[in-house]
Amino acid sequence: MGYLYEAIAMQQRAKRCQQQWQSHYEQCQYQVEQALARLSAASLSVENALEDVWILGAGSLKDIPLAKLSKTFKRVFLVDLVFLDSAQKLSCRYSNVFLVRADISGRLQQVYLQPQQVSLLATPEFTADADGFLRALLAQNQHSSQECQKIRPIAIPKSVTAEQVSLIVSMNVATQLPLIPLRWLKSHTDLTDDFLQNYAEQLLLDHLSILQAFPQSTLKLLVADRLVLDRALPQKNGNYSATEETDPWWGVMPPRADIFWEWEIVPKAESGGKLVQTNQVGASFFY
Ligand SMILES: C[S@@+](CC[C@H](N)C(=O)[O-])C[C@H]1O[C@@H](n2cnc3c(N)ncnc32)[C@H](O)[C@@H]1O
């Protein structure tokens with residue numbers, strides 16, 4: 001559907017835009033460290049130690065403080081549809097880090113195989129059943145090879161429960177969920193724009209619901225863009241300059257952000273001098 005292509009393109013873009021993207025990656029890592037600080041403070045008064053952390057949308061791992069996570073938690077589960085070589089190699093350094101290649105929306109198989117039949121109804125484990133969600137992620141993953149096998153034997157744990165999850169992070173993935181499915185549905189079906197709008201909303205609502213479905217003892221951290229700003233730059237022959245705002249949440253209300261920062265995702269050079277695109281990114285902590 002284009003996920004591998006996008007991951008490779010993003011890796012290349014990250015290299016070209018390193019100067020502008022670095023501060024965004026540092027902010028993301030810092031927010032995860034803030035989550036660890038909150039958990040450590042809480043665990044002083046709670047008997048059980050920090051067990052599992054799940055990172056949804058781990059991708060390149062550039063926005064994750066992996067060494068710290070590996071040191072702090074018993075097990076670290078990194079979930080994404082695509083892990084390129086660099087992420088695989090990095091994760092293999094830690095014996096308690098597991099790559100889980102899976103679709104966190106639970107809808108992609110249908111979008112791909114039966115696009116004309118897609119429905120707004122999700123399967124319950126992807127919206128309301130945190131144990132079922134974790135099991136479904138691991139079940140999807142069992143068909144993929146474990147690259148670390150070449151380096152050292154590693155078996156993905158089979159027994160996971162939501163109760164064991166001290167922290168779950170949605171890392172720059174929420175607003176990505178509708179993008180490729182909608183592009184696919186637009187080119188493979190005659191579904192109406194209204195339906196596609198509802199479908200995008202539903203993907204975002206499902207994602208929020210599954211985070212909420214984790215127990216109260218699980219700290220949730222949602223890092224996601226809240227607003228996309230496109231600024232057209234003045235052209236040589238005129239004063240053309242306009243700003244366009246897009247809501248990457250399709251009208252859905254995400255949880256209130258505790259902190260915001262700006263990510264210059266398309267710098268001037270990347271667009272051939274035509275525009276600058278800036279994402280306003282927010283981090284929300286909730287129980
Ligand atoms: C903007 S990238 C962020 C990735 C990573 N946090 C980083 O900064 O490199 C979004 C990620 O979401 C992943 N993704 C998109 N839809 C997904 C889905 N349905 N299930 C799992 N991962 C998905 C993509 O593969 C991609 O790695």
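**Reading a predicted fold**

Guide: L61 lies in the loop between β1 (52–56) and α3 (66–72). Helices here are DSSP runs of H or I with at least four residues, strands are runs of E with at least two, and both are numbered from the N terminus. The model is predicted, so local features need pLDDT of at least 70 and side-chain atom pairs count only at pLDDT 80 or more, while totals for chains, interfaces and linings use all residues. Residues are numbered from 1 along each chain as its sequence is written.

Visitor: What is the phi of L61?

Guide: Phi of L61 is positive, about 70°, although L61 is not a glycine. N172, in the loop between β4 and α7, also has a positive phi, near 55°, and is a residue other than glycine.

Visitor: Is L61 buried or exposed?

Guide: A residue is buried if 20 or more other C-beta atoms lie within 10 Å of its own, exposed if 12 or fewer, and partly exposed in between, with C-beta atoms placed from the backbone. L61 has 22 other C-beta atoms within 10 Å, so L61 is buried. N172 has 24 within 10 Å and is therefore buried.

Visitor: What share of the 287 residues is buried?

Guide: Buried residues make up 33% of them.

Visitor: How many helices and strands does the protein have?

Guide: There are eight helices and eight strands. For overall size, the radius of gyration is taken over C-alpha atoms, and the globule rule is 2.2 Å times the number of residues to the power 0.38. For 287 residues, a compact globule would have a radius of gyration near 19 Å; the protein has 19 Å, so the two agree. The C-alpha trace spans about 65 × 45 × 40 Å along its principal axes.

Visitor: Which residues does V32 contact?

Guide: Two residues are in contact if their C-beta atoms, placed from the backbone, lie within 7 Å. V32 sits in helix α2 (residues 18–43). Leaving aside neighbours within four places in sequence, V32 is in contact with I64, P65, V169 and L221. V32 is counted as buried because it has 23 C-beta neighbours inside 10 Å.

Visitor: Which residues of the largest nonpolar core touch the most other members?

Guide: In soluble globular proteins, nonpolar side chains tend to be buried together. A nonpolar core is a set of buried Ala, Val, Leu, Ile, Met, Phe, Trp, Tyr and Cys residues joined through C-beta atoms within 7 Å. The largest one has 59 residues, and I55, L78, V79, L167, M171 and L221 touch the most other members. Helix α8 (residues 193–213) gives the most to this core, with six residues.

Visitor: How far apart are the end C-alpha atoms of α8?

Guide: The expected span of a helix is 1.5 Å times one less than its number of residues. The 21 residues of α8 should span 30 Å, and its end C-alpha atoms are 30 Å apart, which agrees. Buried residues in α8 include Y199, L203 and H207. What covers the buried residues of α8 includes α6 (130–141), β4 (165–171), α7 (179–188) and β5 (219–232).
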